[in-house]
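Morning, everyone. I have one structure to walk through today. Please look at the screen.

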Amino acid sequence: MPQFDRVLIANRGEIAVRLIRACRELGLSPVAVYSEPDADALHVRLADGAVCLGPAAARESYLDMNKVIDAARQTGAQAIHPGYGFLSENAEFARRIINAGLVFIGPPPEAIEAMGDKAAARTRMQSSGVPVVPGAQDLADDTKIQQAAATIGYPLLIKAAAGGGGKGMRIVHSAADLLEGAAAARREALHAFGDDRLILEKYLTDARHIEIQILADQHGQTLHLFERECSVQRRHQKVIEEAPSPLVDESLRAKMGAAAVAAAKTVGYTNAGTVEFIVDPVTRDFYFLEMNTRLQVEHPITEAISGLDLVHWQFRIAAGEALPFQQADLTPRGHAIECRLYAEDPANGFLPATGTLLKFSTPPGPGIRVDSGVESGSVISPHYDPLLAKIIVHAADRTAALQRMQTTLQDTLALGLTTNLDFLQAILAHPVFVAGEATTHFIDQHLPNWQPAPDIPAAAIIAAALAELHSPSATTHTTASPSQDPHSPWLRLTGFRMGGGE
Amino acid sequence: MKFTYQINGAEHTLTLEKHPEGYRAHLGTAIYDVKLLHAKDGQLHFQLDETRHTAHLAHETPAKRWLHNAGRTLVIEKAATHRRGADTAGGSGRLTAPMPGQVRAVLVAVGNEVTAGQPLLLMEAMKMEIRIAAPHAGCITALHATEGGSVNKDDLLIEVEEIPT
């Protein structure tokens, strides 16, 4: 790859680790950035160089464009990979990188802009024949909103045109709540994006969230790498993803793939991206939702079934390489599932959990991949996303993949703070999920007040007692902090701590 | 030996008796023959009657441990210890702080069997090391001190109960 040999990874956590490893595989030198509390994080230790961006608050560190671009200059990196989240879908960031003479590993800023404005994107998609959710944009005043709502029908969704991440989003169930909902959404949108334009969309209650992975080179070739189904969500955040979708057959795959390719081409898209659709499971009609102009969290399941390394291709496309294959060369192979291991309490409103991950391990085995930014001893701070790791399995078919995921989760250790590990197992065992029929309301409908099983196995209670009796060798202690004084006699005591059997 | 745990909001009491081959466990009306096969690095391998089990444990605090067994992750907290036997502060098995200071190291955990004279806890007070040792052989039934914590004179630190033989 001629254009760059040193890459700044403008992210943290599992994705930074994954990108750093990809750099190594391609012979590129990875440089990390970090905030003060991340100084000892795994991604910092794996990189060739690392630059501290500032304090914990993302605004003063990972979201500060000047600091990130300065870090690249300072370390001699010629390219920046934004990962997902943070600055990954910020057109101005991409533009500043390019203006600084560096390579942005992602799409052109114009494509990010075109897809970032939901109202403009809707209009563009409509004009290029991509089906959009029945709805309306360019709503100048309340009268226009009322007229549009009457045509669309209820329930409907009010969204911020400039938005994303659920901000400025409102579900309205009747005409009586329309204007109030619109006013609230406008306020929220103005506050979050400095732009109070709204769009209205029909709210599909029993829909499936299915997205198409796109890969486009700079030589005019745009391909799709099939679909991913991400219907299992909590608070608009994905929890489990799988590919292929149990709903999608070959003909629907071809139609959705073609629509996604058209969507990408319309905005002059290059590099990796994802076109999100909602699909009516009864009619199998699909509607464009939005395009994510970056690498997705759930990209590994596409890598598993396509056999392609998406991050490798992101670098190679950015370096000007042409895709050496065509759509007809690509066939999905087997079935892949990803579970997102979050530090959160599913029995308590998915409240994020913080603390020290005293012990973390996942089982090795065929068809198991774990993308993780943490290890035993990692401190999980309240500053960032609660995603600890992604557990991905690949098997010959969906049944085998479900079984492989269940056994993998059963053998995963995440001790020291509350995680959704037991909840993930409950989802995988649920008959609706097993049947491949989960919609975006699956968790609300089928596991609304989930609690861990009340029965405690006798073996667990006996194990706790055995551990007490054999404590020195049987339990992991957090290490006592040694005395600050190097001449203190207490330092020598650590050697014979009976609890020192870590 | 009696163990009382708080798990998912419910209390569970277990009694373990020494047995030639290991222990006999009483849990409610159930009785199990328990044999510890292997204990290392926070991992326990043991046999209940004829079935083998594995558990992984990690301490968050001396009284709160995380346990993984058969695919489930549990938080196990020690229920408040009931006082039995010597009830007066400073009784033979109730060890108190001889002077105000800081707890530098807790060398045992609840449930440990200790021998007479074995150091149990180290305090630092006025740059001096104070070693709290077991007055007699027995089992640690309660720990009231945490590493790094400050204690006042006569604060209860550790309770050691003699094991009837």
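Into which domains is chain A divided? Domain 1 covers 6–105, domain 2 covers 134–202, domain 3 covers 211–333, domain 4 covers 334–454 and domain 5 covers 467–496. Those bounds come from an automatic or database domain assignment. Between the centres of domain 2 of chain A and domain 3 of chain A, taken over C-alpha atoms, there are 28 Å.

Some ground rules. This is a predicted model, where local features need pLDDT of at least 70, side-chain atom pairs count only at pLDDT 80 or more, and totals for chains, interfaces and linings use all residues. Residues are numbered from 1 along each chain as its sequence is written, chains are lettered from A and ligands numbered from 1 in the order in which they are written, and side-chain values use heavy atoms, with hydrogens and water left out.

Confidence next. pLDDT is the predictor's confidence in each residue, from 0 to 100. Chain A has a mean pLDDT of 91, and 93% of its residues reach 70 or more. Residues 473–502 of chain A are a stretch with pLDDT below 50; beyond near neighbours in sequence, that stretch has 61 contacts in the model. A contact means heavy atoms within 4.5 Å. For chain B the mean is 86, with 89% of residues at 70 or more. Here the stretch below 50 is residues 82–90 of chain B, with ten contacts beyond near neighbours in sequence.

Chain B has two domain entries: domain 1 (2–78) and domain 2 (94–161). Their C-alpha centres lie 25 Å apart.

Now the interface. How many residues does each chain bring to the contact? Chain A brings 49 residues and chain B brings 56 residues. Together they bury about 4,500 Å², 65% of it on carbon and sulfur atoms. Buried area is the accessible area (1.4 Å probe) that two parts lose on being put together, summed over both.

Which polar pairs cross over? There are 14 residue pairs in polar contact between chain A and chain B, both residues at pLDDT 80 or more. A polar contact is a pair of N or O atoms within 3.5 Å; within protein, one must be able to donate a hydrogen and the other to accept it, and residues adjacent in sequence count only if both atoms are side-chain atoms.

On the chain A side, strand 23 (413–415), helix 13 (421–429), helix 16 (458–469), helix 17 (471–474) and helix 18 (490–493) each supply at least two residues. Helices (H or I, at least four residues) and strands (E, at least two) are DSSP runs, numbered from the N terminus. Helix 16 of chain A gives the most, with twelve residues. By class, this side of chain A divides into 28 nonpolar, 15 polar and six charged residues. Ala, Val, Leu, Ile, Met, Phe, Trp, Tyr, Cys and Pro count as nonpolar, Asp, Glu, Lys and Arg as charged, and the others, Gly among them, as polar.

Two salt bridges link chain A and chain B. The term means a side-chain nitrogen of Lys or Arg within 4 Å of a carboxyl oxygen of Asp or Glu. One joins Glu468(A) and Arg65(B), at 3.6 Å from N to O.

Leaving out residues up to four places away in sequence, His53(B) touches Ala459(A), Leu44(B), His45(B), Phe46(B), Leu48(B) and Asn69(B).

Last, backbone geometry in chain A. Tyr154(A) and Pro155(A) are joined by a cis peptide bond, omega about -5°. Pro155(A) sits in the loop between helix 7 (142–152) and strand 7 (156–160). Ala243(A) and Pro244(A) are also joined by a cis peptide bond, omega about -5°. Arg235(A) is not a glycine, yet has a positive phi of about 45°.
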